[in-house]
Amino acid sequence: EKAQIGVTGLAVMGRNLARNFARHGHTVALHNRTYRRTKELVEEFGSEGTFLPAETAEQFVASLERPRRVVIMVKAGKPTDDVIEEFAPLLDEGDMLIDAGNAHFADTRRREAALRERGLHFVGTGVSGGEEGALHGPSIMPGGSAESYVSLGPLLEDIAAKVDGVPCCTHVGPDGAGHFVKMVHNGIEYADMQLIAEAYDILRRAGGHEPAEIAQIFQGWNSGRLGSYLIEITAEVLRQNDAKTGHPFVDVVLDQAEQKGTGRWTVQAALDLGVPVSGIAEAVFARALSGDPDTRAAAAGLPGPAPQAGAGGTDLQADVEQALFASKIVAYAQGFQQIQAASTEYGWDIDPGAMATIWRDGCIIRAKFLDYIKQAYDKQPGLATLLVDDYFQEAVGGAQDAWRRVVALAAQQGIAAPGFASALAYYDGLRAQRLPAALIQGQRDFFGAHTYRRVDADGSFHTLWATDDRGEVSA
Ligand code: NBP
């Protein structure tokens, strides 16, 4: 008997993916650098399906049906290159190496090009949802060739999460497209979490609510348009009391947010593409600020207002819900623009609506909300920004008075709300008929003769700033 798919790298993620394939009736070849992990998997979970454990890479490859499908689930970075170099020489033309780890999309592009030269398909695949997702159904974002998806897609769709029978898996686009989209997905997750944290902070410090009360508020929001996994778990975390002290859990946790780097990658890539993903950037920077206790300690005595419980008035809850929803729309709109910009830059031809579809379950940002994004792109595939879609335009239009009140309140009360504030600034910047960028062009022309364009004529111009009459010349 041969295996339909093999998994090499059987730490928590690889092990759960292998079990997921087996539970769906596929025969799964197993391999890990250290054989002990392979043995343990079969001992503990062998009854879940048919596993073909291999001690060596050669045995592993020999146990796979052709074309061979090898899922690599090892630590991202050099280990992935090591494993590729171990397996590539053992494979034949048309075989597939599927990197399901959290690789940077630029590495995936490099590896795909190199392996294509050697006649192999390299499928950089984003897998979200952590270990639970890997076992019970992740959202899967495969890149690589369309040809590889014909043979690989059905297996991945089998193990992916489903919404009304629709798998949370689709071919994203060639080479690094899958890992790119997975990265932006993580960036959006950062933004979403930051906005939720700001909502909590304002409700607590300007609303005077205790964590348990705020848990109730979030639970209520979860049955409305904000309904999502992140809102749901926020209520759970806020409801939690510390067993040791009896205090709210959120009060005994050190307030320094950590990060593994995908948010930072998203912002770096956005800077390269020139796409303003301010929501994601603010979230990454807010984590960085929180994680710098020395500077925070030095600045702790700086003057500013102390928030007054009750300052938000009686409408605060409803206002914060509106501000959160509007800011969230902006963050997603920005993330989708980044995906579209990369798709154009790299020729990936990504269908943005399909991305919203495969994020509806199996990942951290799963939410009802994604259905509206899907519908927006179904209606208008060439949508310039989600903000001009009817549903989102109406939602933000209806939310904006409350949104502005919340941002003003936070500023007056001295509560940092970079996500809410920058989302609003982005919205106002985008809809402005005239921007002060004209002045910046003037400054650039003044000090660097960088030239400018006029509203009333074609071509580029330069003003002779150093001359007495400051005449204009065509550049
Ligand atoms: P780890 O990232 O902890 O990697 C451990 C695995 O890599 C083990 O199987 C280990 O083999 C193998 N390995 C290493 Br380390 N160096 C190797 C080398 N030079 N050659 C061969 N094998 C090597 O595992 P994980 O936590 O299961 O994560 C796997 C991937 O999934 C990572 O890319 C990670 O970023 C990603 N991930 C994603 C999510 C998510 O939510 N999507 C969550 C967690 C992780 P050994 O047993 O012999 O040491």
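Reader: Which helix holds both F218 and W221, and how many residues apart are they?

Author: Both F218 and W221 belong to helix α9, residues 211-222, and they are three residues apart, about one turn of the helix. Helices (H or I, at least four residues) and strands (E, at least two) are DSSP runs numbered from the N terminus. The model is predicted, so local features need pLDDT of at least 70 and side-chain atom pairs pLDDT 80 or more, while totals for chains, interfaces and linings use all residues. Residues are numbered from 1 along each chain as its sequence is written, and side-chain values use heavy atoms, with hydrogens and water left out.

The structure holds 16 aromatic pairs (rings of Phe, Tyr and Trp, the last by its six-membered ring, with centres within 6.5 Å; planes under 30 degrees apart are stacked, over 60 edge-to-face, the rest tilted). The pair of F218 and W221 is edge-to-face, because the ring centres are 4.9 Å apart and the planes stand at 65°. F218 and W221 are both buried (under 20% relative accessible area; exposed is over 50%, partly exposed in between, with a 1.4 Å probe and protein chains only).

F369 and F392 make another edge-to-face pair, with 5.6 Å from centre to centre and 70° between the planes. Here F369 lies in helix α17 (369-379) and F392 in helix α18 (390-413), so this pair ties together parts that are 23 residues apart in sequence. F369 is buried, at a relative accessible area of 1%, and F392 is buried at 1% as well. F369 and F392 also belong to one aromatic cluster with F325, Y332, Y372 and Y391.

R19 is placed over the face of F45, 3.6 Å from the ring centre. The charged end of R287 sits over the ring of Y190, at 3.7 Å from its centre.

The backbone has some features to look for. From R66 to P67 the peptide bond is cis, with omega near 0°, and P67 is in the loop between α3 (57-62) and β4 (69-72). D175 is not a glycine, yet its phi is positive, about 35°. The loop that holds D175 runs between β9 (166-167) and α8 (177-205), and D175 counts as buried at 13% relative accessibility. D349, also not a glycine, has a positive phi of about 55°. D349 is in the loop between α15 (316-346) and α16 (352-358), and at 70% relative accessibility D349 counts as exposed.

An N or O atom in the side chain of R37 is 2.5 Å from a ligand oxygen, and one in the side chain of D82 is 3.2 Å from a ligand nitrogen. Taken alone the ligand exposes 920 Å², of which the protein buries 78% (Shrake-Rupley areas, 1.4 Å probe).

Methods:
A polar contact is a pair of N or O atoms within 3.5 Å; within protein, one must be able to donate a hydrogen and the other to accept it, and residues adjacent in sequence count only if both atoms are side-chain atoms. A charge sits over a ring if NZ of Lys or CZ of Arg is within 6 Å of the ring centre and within 35 degrees of the ring normal.
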